[in-house]
Amino acid sequence: MSGLYLHIPFCKSRCHYCNFFSTLLAAPQRKAYTRTLCLEMEHRTGYLADSVLHTVYLGGGTPSLLSADELGQLFATMERLFHLAPQAEVTLEANPNDITADYVSLLADTPVNRISMGVQSFHDDTLRIIGRRHRAADVHRAVDLLSQRGYNISLDLIYGLPGQDLRAWSDDLREALSLPIHHLSAYALSYEEGTPLHRMLEQGLVKEADDETSLAMYERLIDRCEQAGLQQYEISNFARPGRHSRHNSSYWTDTPYLGVGAGAHSYDGDSRQWNPGDFEGYLRTQGDVEGHHFCEKELLTDSMKYNEAIMKGLRTRTGICLDHFRLRLGEEACRRLLASARPHLERHLLELSRDPAAHLRLTRKGLFVSDGIISDLFLTD
Ligand code: SF4
């Protein structure tokens, strides 16, 4: 199993909470970037031991800003260099107001079969405060167009937004879950330094949700998704049966992936590589016709692999498969993990499930304090 990630760092405008690198550059830069992505795919075809792609993910930024031509070039290159598995999941992240009837027709000529839309809220006044360029009506229209064509649809929401109380969050959940979607991701708002929203917080123009409210919102999320038939399969992710994000799941289950584009990470099981994060830096260091490819690389030590296995495994509702953990890291590592887990098992924050094989996983109570539990289990060098 292998996955391919293509990073598209373009946005039409900047959301006030976002600290990801993205650029507002226009068409000529997009064209140059697309060409460089294709070159990077050429140079790195051999990175994956298995050239059959089971998942492809175009993330950003806003990949739905790519023109038909640019999408065509990317997919033509990808299909020439790799084999796309027959049931491959191919996701495109989209802004709801890019999903027009014309855009959906254009997508029909590509292998894209899953759309992940950043919705964040169904309250237009909140969308304005956080600087989103779409409105709730755009989401309804987009979901309608996509579901008519049978796309696998995922929405992203954010909770703890400025001015949002538990009732407003429940309204957002009700509206999202009333739509014919297959997947929902929800994240707590984080006020990142350097963002306009962080400045508004410092100036006292907005107020951060307190811990109690955030916890109540997270509980409401889990309950409402469960009632609507979306199973929680990861801390922030919920899906109808069989509709979990196969691409994101592969990050948590140790599957190798190749990431191309500015700031994209790759993983081969033993090391992690990442490209320069800024647009110019990426264009400068990639696309050498000699096939040279520059990226940072870090070899994973045993303790890094141990910590990663814990962090990734406990994020999922299945948990850490102890057989797999033992096979990969050894009997001693497995014993050490179980010993450090004991206090949390006794407090019912972790549990051992035995079906079909032994897994160590967070209980529902443990989900709310997952960060603390995960770091407690880490090895420190
Ligand atoms: S569209 Fe996404 S990447 Fe672009 S500014 Fe908004 S949150 Fe950030």
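Trainee: Into which domains is the protein chain divided?

Mentor: In this predicted model, the chain splits into domain 1, covering 2-251, and domain 2, covering 302-377. Their C-alpha centres are 29 Å apart. Seven residues of domain 1 and seven residues of domain 2 take part in the contact.

Trainee: Which elements each supply at least two residues of the side of domain 1 that touches domain 2?

Mentor: They are helix 8 (211-227) and strand 7 (231-234). Strand 7 gives the most, contributing three residues. Sorted by class, this side of domain 1 has five nonpolar residues, one polar and one charged.

Trainee: In what sense do strand 7 and strand 8 pair?

Mentor: As a general idea, the strands of a sheet pair through backbone hydrogen bonds, in either a parallel or an antiparallel manner. Here strand 7 pairs with strand 8 (residues 237-239) in the antiparallel sense, over three bridges. Glu234 has Asn237 of strand 8 as its bridge partner. With two residues between them, strand 7 and strand 8 form a hairpin.

Trainee: In what order do the three strands of the open sheet run?

Mentor: The order is 13-15-14, with antiparallel pairing. Strand 13 (320-321) and strand 14 (350-353) are the edge strands, each pairing on one side only. Strand 13 is joined to strand 15 (residues 359-362) by two bridges in the antiparallel sense, and Ile320 stands opposite Leu360 of strand 15.

Trainee: Let us turn to helix packing. At what angle do helix 1 and helix 2 cross?

Mentor: To read such a pair, one takes the angle between the two N-to-C directions. The axes of helix 1 (residues 27-43) and helix 2 cross at roughly 5° and come within 10 Å. Because angles under 35 degrees count as roughly parallel, helix 1 is described as roughly parallel to helix 2. Helix 1 makes the contact through Arg30, Thr34, Leu37, Cys38, Met41 and Glu42, and helix 2 through Glu70, Gln73, Leu74, Thr77, Met78 and Leu81. By class, this contact has six nonpolar, three polar and three charged residues.

Trainee: How is the packing of helix 12 and helix 13 to be read, and at what angle do they pack?

Mentor: Helix 12 (residues 322-329) packs against helix 13 (residues 331-346) at about 135°, and their axes are 7 Å apart. That angle makes helix 12 oblique to helix 13. On helix 12 the contact residues are Leu322, Phe325, Arg326 and Leu329, and on helix 13 they are Glu331, Ala333, Cys334 and Leu337. By class, six are nonpolar, none is polar and two are charged.

Trainee: Which residues are around the ligand?

Mentor: They are Cys11, Arg14, Cys15, Cys18, Phe20, Ser22, Gly60, Gly61, Thr62 and Gly118. The shell has four nonpolar, five polar and one charged residues by class.

Notes
Residues numbered from 1 in each chain as written. Predicted model: local features only at pLDDT ≥ 70, side-chain atom pairs only at ≥ 80, totals over all residues. Domains from an automatic or database assignment. Contact = placed C-beta atoms within 7 Å. Helix = DSSP H or I, 4+ residues; strand = E, 2+ residues; numbered from the N terminus. Nonpolar A, V, L, I, M, F, W, Y, C, P; charged D, E, K, R; others polar. Axes fitted to C-alpha atoms, helices over the stretch in contact; angles between N-to-C directions. Parallel < 35°, antiparallel > 145°, perpendicular 65-115°, else oblique. Near = placed C-beta within 6 Å. Pairing = 2+ DSSP bridges.
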